[in-house]
Amino acid sequence: MKYVLITREPSIAEAARSPSAFPPDDQILVFEEWTEALEACDGADLIFVDMLATLEEPHKIAGYERFAEAKMGHDHARDVPLVLIAPPSGYDLDFMAGWPDFVFAHLPRPVTEKIFRRASTWV
């Protein structure tokens with residue numbers, strides 16, 4: 001299996017890279033920039049995206065919307081199920097956007113290697 005993770009949070013990246021996060025033969029690619037991550041989605045089984053990594057300005061949802069539109073139109077990424085990593089509890093956004101069937105699953109923080117291991121069984 002191949003997984004793509006988009007995050008700027010060191011603790012989330014570290015949890016994903018933990019030897020116990022995914023089965024040994026699985027591949028996890030970690031990116032800070034979603035534009036690079038979408039290019040790596042050929043053959044991916046899941047995309048994990050930390051919503052905060054998509055924001056161009058703190059608390060402004062427009063960056064997440066740009067990511068979502070790019071993913072939906074991307075040749076390699078459009079059909080890969082997306083697992084959204086929620087902002088921290090109490091993190092205010094100017095508003096929230098949504099598209100039918102865009103988010104496959106939603107993960108609360110903190111994200112641990114145990115959560116990644118469980119998610120690897122979803123596909």
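**Close-up views of the predicted model**

At 23% relative accessibility, Arg109 counts as partly exposed, a class lying between buried (under 20% relative accessible area) and exposed (over 50%), with a 1.4 Å probe and protein chains only. The model is predicted, so local features need pLDDT of at least 70 and side-chain atom pairs count only at pLDDT 80 or more, while totals for chains, interfaces and linings use all residues. Residues are numbered from 1 along each chain as its sequence is written, and side-chain values use heavy atoms, with hydrogens and water left out.

**View A. Arg109 forms a salt bridge with Asp50.** The closest N and O atoms of this pair are 2.8 Å apart; a salt bridge is a side-chain nitrogen of Lys or Arg within 4 Å of a carboxyl oxygen of Asp or Glu. Arg109 belongs to the loop between β5 and α5 and Asp50 to strand β3, so the pair ties together parts that are 59 residues apart in sequence. Helices (H or I, at least four residues) and strands (E, at least two) are DSSP runs, numbered from the N terminus. Asp50 counts as buried, at 2% relative accessibility. The peptide bond from Arg109 to Pro110 is cis, with omega near -5°, and Pro110 lies in the loop between β5 and α5.

**View B. Glu33 forms a salt bridge with Arg8.** Here the closest N and O atoms are 3.2 Å apart. Glu33 lies in the loop between β2 (27-31) and α2, and Arg8 in the loop between β1 and α1 (10-17), so the pair ties together parts that are 25 residues apart in sequence. Glu33 is partly exposed, with a relative accessible area of 33%, and Arg8 is partly exposed, with a value of 40%.

**View C. Arg78 forms a salt bridge with Asp75.** The closest N and O atoms are 2.8 Å apart. Arg78 counts as partly exposed at 37% relative accessibility, whereas Asp75 is exposed, with a relative accessible area of 61%. A search of the whole structure finds 4 salt bridges.

**View D. The buried residues of helix α4 are Gly63, Tyr64, Phe67, Ala68 and Lys71.** Seen down the axis of α4, these buried residues fall within an arc of 140°, so they line one face of the helix; the arc is that of the directions from the helix axis to the C-beta atoms. They pack against β1 (2-6), α2 (34-39), β3 (46-50), α3 (51-54), β4 (82-85) and β5 (103-107). Exposed residues Glu69 and Gly73 are carried on the face turned away from the buried side. The 12 residues of α4 (residues 62-73) should span 16 Å at 1.5 Å a residue, and the end C-alpha atoms are 17 Å apart, which agrees; the expected span is 1.5 Å times one less than the number of residues.

**View E. Ser120 is found in the segment after α5.** Ser120 is buried, with a relative accessible area of 9%. Not counting residues up to four places away in sequence, Ser120 touches Tyr3, Phe22 and Pro23, where contact means heavy atoms within 4.5 Å.

**View F. His59 lies in the loop between α3 and α4.** His59 has a positive phi of about 70° although it is not a glycine. The relative accessible area of His59 is 36%, and the residue is partly exposed.
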